[in-house]
Amino acid sequence: MKLKKYLTLTRAGIIEALQFRLSFLVMVVGNMLYLIVVYFLWKAIYASAGTDVVNGMTFTDTLIYLVLATALFNFMEMYTVWEIGRNIQSGKIVLDLLKPMEYRKYLFWSYSGSFVTQFFLTFLPTFIAVAFVTHGAIHMGLNLLYFVISVVLAVSINYSIDFLVGTICLYTESIWGINIMKQVIVLLLSGATIPLAFFPEPLKTIVGYLPFQSIYNAPLSILLDSAPQPHTLLVTLGTQLLWCVVMIILSKLFWKASLKQITVNGG
Amino acid sequence: MKRKGFIFYLRIYCKILAQDLKSKMSYRADFIISTIGMIFTNISGFVSFWILFRNFPSINGWSYYEMLFLYGFSLVSLTPVQCFFDNNWSLRQNVYSGDFIKYCFRPINMFFYYQSEVFDIKGLGQLAFGIGTLIYSWAKIGLAFTPLMLLKMIVFLLTASLIMIALQNAAAATCFWIQNSFYVLDLAFRFRDYAKYPVTIFSPIFRFIFTFVMPIAFIAYYPSLVILRPHEIPLLSWLSPVIGILFFWASYKIWMHGAMKYSGTGS
């Protein structure tokens, strides 16, 4: 019966998300417009390069990579930092802490409903559109399964990082600044802005040792690799799993230590 | 009611500005962190630009320094919207909660009063960054420097900034009709990033869209041509100040139309 209480939160989340149907439409339209812009921009870039393959990536690879990175961002972004920050400022966090569930889990599961809706309403349409535009350049095989596993791990890593950063708000009471810093760092160093393959050498190695590349670069490289070596696959997923565990432990410990800090003004 | 003059509004603006700065100063940590966050945003934008040009020396006949010029131009022309019109982001909460009604009862222009309430100092960092980029690329391209060019530059920068202000006003004003305008606003905000690329990379249809429907090409591309390619200036470049003013006026009308029909929430 343990799972039931979590799934209730998921259900509530789905119902809540469906209240804002228009926003999904705007988001899908936005993603399509983004697809178009990225398409033309990189087409021009590749046309100026003179070669078809740059750093091991073709134009279609880059297109799929970048558009799906944005779709994944929409799917994974839970505005956790905002939520925690706002709850601290308004004092609502006291009520959440009293709930018979760990705050970390409560927050995650109350958002899980939007994962479901986001997946079907924004990620899937974008995915289909990209597959259509690139004339089936996405290999449809086992790599899809690995991709899904990789995305699940990525969601967990992303959430842990968000939660970790959100905890900082307990000390600073600054939301916007903390959130923008996190977002900028994650998006740049995870490859969501420019594929990691394009990074110059020392930077690429450094980024490889950071947890961020496990969020976007890992699942997307798995998806683009139509004939993966078992070795590479294992290393990618293994690294993700490692970061997943490390970040969960870190964010839990930090939250536990920080909870003593909390001061709530009214509520 | 007698029409209030420019001096009157300027005096009021300074008074409101002083109050806003005072209230911001009481959250010093937040201010410092936000400023650092803004610097992060600019650095990451520049880093991704730099990585891109390490792989591709030119895009569509535009060299690195010319693109840098466009980049700096877009940064500077996007500063006013950041500094003076940031309150647009809170419009939907104000409308939703009913707080917006307080603006309806003041004997001054509603649009003016609403926007004057927030001045975002963080934008000044972006301004400094943009001006630095502009001067650096100006010197590297080897453009001449005459008072006339400086004058042209200032006029075109100011009018280019009106475009983004207009887009944001119109996007924010949608909340008078639809409940959650965040996605519309976010969409308009995301397109700002593409203002720094030459519009010639797009196909004719999208060139038309980005020129007349979503006029992001007027944020940097058309006005920069006046400075960068003085021998082949298209008519649209000369028209860009007019178009800036036109779009601003239209967005003001939309905003006011929405505000005038606002009936409050009854609380």
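**Briefing: fold and dimensions of chains A and B**

In chain A, 84% of the contacts between residues at least 6 apart in sequence join residues that are at least 24 apart. The model is a predicted one. Chain A contains 11 helices and zero strands, while chain B contains 12 helices and zero strands.

**Secondary structure**
- Along its sequence, chain A reads α-α-α-α-α-α-α-α-α-α-α.
- The corresponding pattern for chain B is α-α-α-α-α-α-α-α-α-α-α-α.

**Overall dimensions**
- Chain A has a radius of gyration of 20 Å, close to the 18 Å given by the globule rule for 267 residues, so chain A is as compact as a globular protein of that length.
- The C-alpha trace of chain A extends over about 65 × 40 × 35 Å along its principal axes.
- For chain B, the radius of gyration of 20 Å agrees with the value near 18 Å that a compact globule of 267 residues would have.
- Taken along the principal axes, the box filled by the C-alpha atoms of chain B is roughly 60 × 45 × 35 Å.

**Burial**
- Buried residues account for 41% of the 267 residues of chain A.
- In chain B, 35% of the 267 residues are buried.

**Sequence separation of contacts**
- Chain B has 80% of its contacts between residues at least 6 apart in sequence joining residues at least 24 apart.
- The corresponding share in chain A, as stated at the outset, is 84%.

Terms used:
Residues numbered from 1 in each chain as written. Chains lettered and ligands numbered in written order. Predicted model: local features only at pLDDT ≥ 70, side-chain atom pairs only at ≥ 80, totals over all residues. Helix = DSSP H or I, 4+ residues; strand = E, 2+ residues; numbered from the N terminus. Rg over C-alpha atoms; globule rule 2.2 N^0.38 Å. Buried ≥ 20, exposed ≤ 12 C-beta atoms within 10 Å, placed from the backbone. Contact = placed C-beta atoms within 7 Å.
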